[in-house]
Amino acid sequence: MTAIMLFTRDLRLHDNPAFAAACREHAEVVPLFIIDRRILTARTASPNRAQFLAEALGDLRAALRGLGSDLAVRSGEVVEEVIRLAWAANADMIYAAADVSGYARRRERALSVAATAQRMGTKFLPGNTVVPPGSLRPTGADHYRVFTPYWRAWQQAPVRPQVRRPSLMSIPHEIQPGELPTADDLVAGPRSPQLPPGGESAAGKVLERASARLLGADDRDKQLDDLAADSTTRLSPYLHFGCISPLAVRVRLADAPELVRQLAWRDFMHQLTAAFPDIAGRDYRPGRREWLRDDAALEAWRRGQTGIPIVDAGMRQLLFEGWMHNRARLITASFLTKTLQLNWRDGAAHFFRWLVDGDVANNAGNWQWIAGTGTDTRPNRVLNPVRQAHRFDPDGAYVRRFVPELASVDGSGVHEPWRLPAATRSTLDYPPPLIEPARPKAKRPPTPRPPAERLEPDA
């Protein structure tokens with residue numbers, strides 16, 4: 001018989017459990033991707049992610065054609081299109097990767113109901129995380145609310161073996177593949193000028209570069225937090241779209257515990273979202289915060305015009321690259337929610353508009369963590385942006401890269417331009433700070449970093 005393999009957020013062939021099962025259990029498999037207009041016309045639709053997705057689909061089709069198959073592309077309501085193609089292919093089973101967002105889970109339920117009514121079966125297999133959401137549970141609860149005990153359990157959890165992609169496939173000859181969409185077909189609008197290439201082929205190259213750079217480095221942990229060094233893995237977009245298996249990343253980076261921990265943090269947010277699917281709109285721990293309303297300050301933050309150089313550098317990196325360094329995500333999010341006291345939802349929406357790796361579980365979960373409404377055990381934690389700047393961009397190279405108005409300011413003085421001599425300030429086309437941060441205190445012995453201080457893991 002024939003199976004439908006519905007690709008969603010798992011755009012790869014290697015170590016794709018749903019795809020491997022479909023090929024193993026059926027003589028013919030129809031790989032399918034559906035352009036879901038409900039997602040692409042939503043308020044959070046992203047032209048940046050649309051470009052990455054279009055490239056990833058092209059790469060997936062090329063890989064499938066190399067196996068003697070092809071990628072069927074359809075547009076419309078997901079359940080209707082899957083059932084329609086299943087009838088055309090005389091399919092008896094539909095495979096897909098399980099996911100955790102509220103929308104994804106509703107889609108799975110609707111597809112199961114529709115398939116059952118048509119005497120077809122469905123299988124949703126894990127593969128978007130290292131450890132499946134829900135497989136780790138503390139005593140007396142349905143999910144972990146704090147990362148540290150989850151991390152301990154995660155390290156001891158059994159891990160499935162990786163599955164290889166098939167060497168040959170067969171697809172019913174009567175199935176017409178359909179046209180691949182362009183980025184503008186998916187979501188039109190302004191894009192960041194420097195976006196990463198999409199697809200499984202690109203993901204493998206990014207992983208190999210990260211491995212070569214980081215696995216042998218004695219100062220790896222310092223590199224990961226160095227804003228100017230740009231030494232993070234840059235894998236987050238590929239993990240979001242499933243262009244690379246998180247399990248494959250864990251295996252490849254097993255000798256880098258700092259990076260493995262980031263994968264566990266990503267899994268932690270996915271199990272949190274599976275248990276609390278309204279995470280993108282509702283406070284996980286309600287009643288902790290009341291938010292101010294200041295549209296001018298919010299717009300200044302979005303454009304990178306707050307007058308706080310380290311904040312503005314991060315926000316401009318987001319607009320330029322569709323990506324932001326982990327440390328900058330922490331700093332900019334803390335500034336919005338803890339210093340300006342503006343609603344985390346506005347920050348999350350802006351990130352989701354521009355981030356190529358924008359992901360419901362990671363984006364909303366991490367914003368709630370930094371805002372104090374999520375899983376942080378220290379909800380009143382405030383990051384002083386100037387202190388963070390001096391620590392993680394000591395000579396100001398990161399700021400000067402993204403805030404060229406301050407390129408003439410030497411050294412660490414770039415982090416506090418409001419303290420420069422009046423004659424120097426008058427030559428800078430740069431705004432005064434919305435709120436002047438407290439001046440950092442004298443250095444003291446470093447304290448251990450909290451377990452989950454990175455806002456949005458790259459690895």
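Modeller: The largest pocket is lined by 47 residues. Nearest its centre lie Ile39, Thr44, Tyr103, Phe352 and Val360. Please bear in mind that this is a predicted model.

Colleague: Which elements give two or more residues to the lining of the largest pocket?

Modeller: Two strands do so, E1 (2-7) and E2 (28-35). The helices that do so are H2 (37-40), H3 (47-66), H5, H16 (344-354) and H17.

Colleague: And how do the residues of that lining divide into nonpolar, polar and charged?

Modeller: The lining of the largest pocket has 27 nonpolar residues, nine polar ones and 11 charged ones.

Colleague: How much space lies in the largest pocket?

Modeller: The largest pocket holds about 1200 Å³ of space.

Colleague: You listed H5 there. At what angle do H4 and H5 cross?

Modeller: Helix H4 (residues 78-88) and helix H5 (residues 102-117) cross at roughly 35°, and their axes come within 9 Å. The crossing in which H4 passes H5 is right-handed.

Colleague: Which residues make the contact between H4 and H5?

Modeller: H4 contributes Val78, Val79, Val82 and Ile83. From H5 come Arg107, Ala110, Leu111, Ala114 and Ala115. By class, the contact of H4 with H5 comprises eight nonpolar residues, no polar ones and one charged residue.

Colleague: H17 was also on your list. How far apart are the axes of H15 and H17?

Modeller: The axes of helix H15 (residues 326-339) and helix H17 (residues 360-371) are 9 Å apart, and the two helices pack at an angle of about 60°. H15 and H17 are therefore oblique to each other. H15 passes H17 in a crossing that is right-handed.

Colleague: Which residues of H15 and H17 meet?

Modeller: On the H15 side they are Leu330, Ala333, Ser334, Leu336, Thr337 and Lys338. These meet Trp367, Trp369, Ile370 and Ala371 of H17. The contact of H15 with H17 has seven nonpolar residues, two polar residues and one charged residue.

Colleague: What about H15 and H18: at what angle do they pack?

Modeller: H15 and helix H18 (residues 385-392) pack at about 170°, with 10 Å between their axes. That angle makes H15 roughly antiparallel to H18. Arg327, Ile331 and Phe335 of H15 make the contact with Pro385, Gln388 and Phe392 of H18. Of the residues in the contact of H15 with H18, four are nonpolar, one is polar and one is charged.

Colleague: A change of topic: where is Ala274 found?

Modeller: Ala274 belongs to helix H12 (residues 257-275).

Colleague: With which residues is Ala274 in contact, leaving aside its neighbours within four places in sequence?

Modeller: Ala274 is then in contact with Val100, Arg105 and Pro133.

Colleague: And what separates Ala274 from Arg61?

Modeller: Their C-alpha atoms are separated by 30 Å, and Ala274 and Arg61 are 213 residues apart along the chain.

Note on methods
Residues numbered from 1 in each chain as written. Predicted model: local features only at pLDDT ≥ 70, side-chain atom pairs only at ≥ 80, totals over all residues. Heavy atoms only, no water. Axes fitted to C-alpha atoms, helices over the stretch in contact; angles between N-to-C directions. Helix = DSSP H or I, 4+ residues; strand = E, 2+ residues; numbered from the N terminus. Parallel < 35°, antiparallel > 145°, perpendicular 65-115°, else oblique. Left-handed = near helix turned anticlockwise from the far one by under 90°. Contact = heavy atoms within 4.5 Å. Nonpolar A, V, L, I, M, F, W, Y, C, P; charged D, E, K, R; others polar. 1 Å grid on protein atoms, 1.4 Å probe; cavity = no way out; pocket = protein on both sides within 12 Å on 5 of 7 lines; lining within 4 Å. Points joined across faces, edges and corners; volume = space filled by probe spheres on them.
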